[in-house]
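My entries follow in the order in which I looked.

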Amino acid sequence: MKRQVVFWAFGAAAVLVAIFVIAKTKLPWIEPISPTAVLRKIIQPGVTFVDVAREAGIATGTANQLLKSAKVKYDLARIVSGRELAFVFDNLTGEVQGMVYNIDSDNRLMVNKTETDWDAELEKIPYEIKEKEVSGTIETSLFAAMNSRGLDDRLTLALAETFAWQIDFAADIREGDSFKVIYEDRYLDGKYVMPGKILAAEFVNDGAAFRGFYFGGTAATKAGLPAVVLTKAGYYDESGNSLQKIFLKSPLQYKYISSGFSYGRLNPITKKIAPHRGIDYAANYGTPAVSIGDGTVVQAGWNGPYGISVLVRHNETYGSRYGHFQSLARGIRVGAKVKQGQVVGYVGATGEATGPHLHFEIHKFGALVDPFKVAVPPGEPVADADRAEFEKIVKLFSFAEYPGHKPVE
Ligand SMILES: [Zn+2]
């Protein structure tokens, strides 16, 4: 008799444990202390919003309602694979209460249940911002220098992008170059997410110092006056000159050289001036090459000694040529419009080339000019009306005396 009681007690306990374990495994998102639970789903390639929602246990009808109510603010047909959809459930009823989708690293879509319907809102992701400062000297590569300080590769790329019009980061970085960066780190719920804006930076390349200060642009409205943008948001030197110019310093960009952020696979980039006054960049097969400025493609495809090449016309004065490609980038054909920094082709050895390299030329009024000697027209400087505001920023981040910064731990 006693044995039977013990047997049943153990049996009941085992069943309860089993139910608990099954419930836990089936519903890993259940956190019973909270009235709601969040289920996060990484969007897989080729799936629709309704697919993801269904996989999260949401009825197709409800998923379609979410899709429809979101559409006034954001079309969920545009969700991108690799990003996350978060669904919020009521812990008691198991019913979906809302969803969150990060559209990009700054903005998110929120859809919440109301009494009668769904309410969609776009909002800024409420990051907590921490200001940091880092400095260093390059021994092998910029990536190595930043990595050894525990810094995010995305910050390294942002630094290279800040000075992409001044410095050829793919080819010209040398031992002894130094940098100082004051930047924002973004946190969400106390957890580090990503670097934010670079507020100010200095890069010394081969003895020449370049500085940039972020200016958010003309304040939207001043004293009730209508918004007029006099100065664009971006980076300016201490005199208020824009760092952005009509041409990038290099057709090989650091973000592409770094091949998927792995600095173990850096391409050996060297460049030399060919007798014909172009620059030859030795680079690995397949390295993307970009247009140094906005323009229109006037030649694309096989072109004698240049092999597979592209010629871009930038304006009445300037053009640029890229030669010996292995292949052209998607959409590159005569008449196509290209943006500054857009990939036009992939390094190869077609035409008269002994090994893989990019042949690069700048033309002025149709004639070849030495790319090192082209005086590139700058972008618009800080407007007079914004000077006082800009000066404050320069003063605040003036590298010698900026009081508020703390070094990275
Ligand atoms: Zn060449």
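**Notebook: strand pairing and helix packing**

I began with strand β12, residues 279–282, whose covered face carries Ile279 and Tyr281, whereas Asp280 and Ala282 lie on the uncovered one. Before going on I noted that this is a predicted model, in which local features need pLDDT of at least 70 and side-chain atom pairs count only at pLDDT 80 or more, while totals for chains, interfaces and linings use all residues. Residues are numbered from 1 along each chain as its sequence is written. Strands (E, at least two residues) and helices (H or I, at least four) are DSSP runs, numbered from the N terminus.

Next I looked up the partners of β12, taking two strands as paired if DSSP finds at least two bridges between them. Strand β11, residues 270–273, runs antiparallel to β12 and is joined to it by four bridges; Lys271 has Tyr281 as its bridge partner. The two strands form a hairpin with five residues between them, and in the turn I found Arg277 with a positive phi of about 65 degrees. β12 is also joined by four bridges to strand β19, residues 357–364, again in the antiparallel sense, and there Ile279 stands opposite Phe360.

I then turned to an open sheet of five strands, which has the order β1-β2-β3-β4-β5 with antiparallel pairing. β1 (36–42) and β5 stand at its edges with a single partner strand each, so one side of each is left without a neighbour in the sheet. Neighbouring strands of this sheet are turned by 20 degrees against each other on average, direction ignored. Within the sheet, I checked that strand β2, residues 84–90, pairs with β3 over five antiparallel bridges, and that Phe87 stands opposite Met99 in β3.

Which residues of helix α3 are buried? With buried meaning 20 or more other C-beta atoms within 10 Å of a residue's own, exposed 12 or fewer, and partly exposed in between, C-beta atoms being placed from the backbone, I found Ala63, Leu66 and Ala70 buried in α3, residues 60–70. They lie on the same side of α3, because they cover an arc of only 55 degrees around the axis, the arc being that of the directions from the helix axis to the C-beta atoms. The face turned away from this buried side carries the exposed residues Thr60, Gly61 and Lys68.

Finally, counting residues as in contact if their C-beta atoms, placed from the backbone, lie within 7 Å, I saw the buried residues of α3 pack against α2 (49–55), β3 (96–102), β4 (107–113) and β5 (118–124).

Definitions and conventions:
Two residues are in contact if their C-beta atoms, placed from the backbone, lie within 7 Å. Axes are lines fitted to C-alpha atoms, for helices over the stretch in contact, and angles run from 0 to 180 degrees between N-to-C directions.
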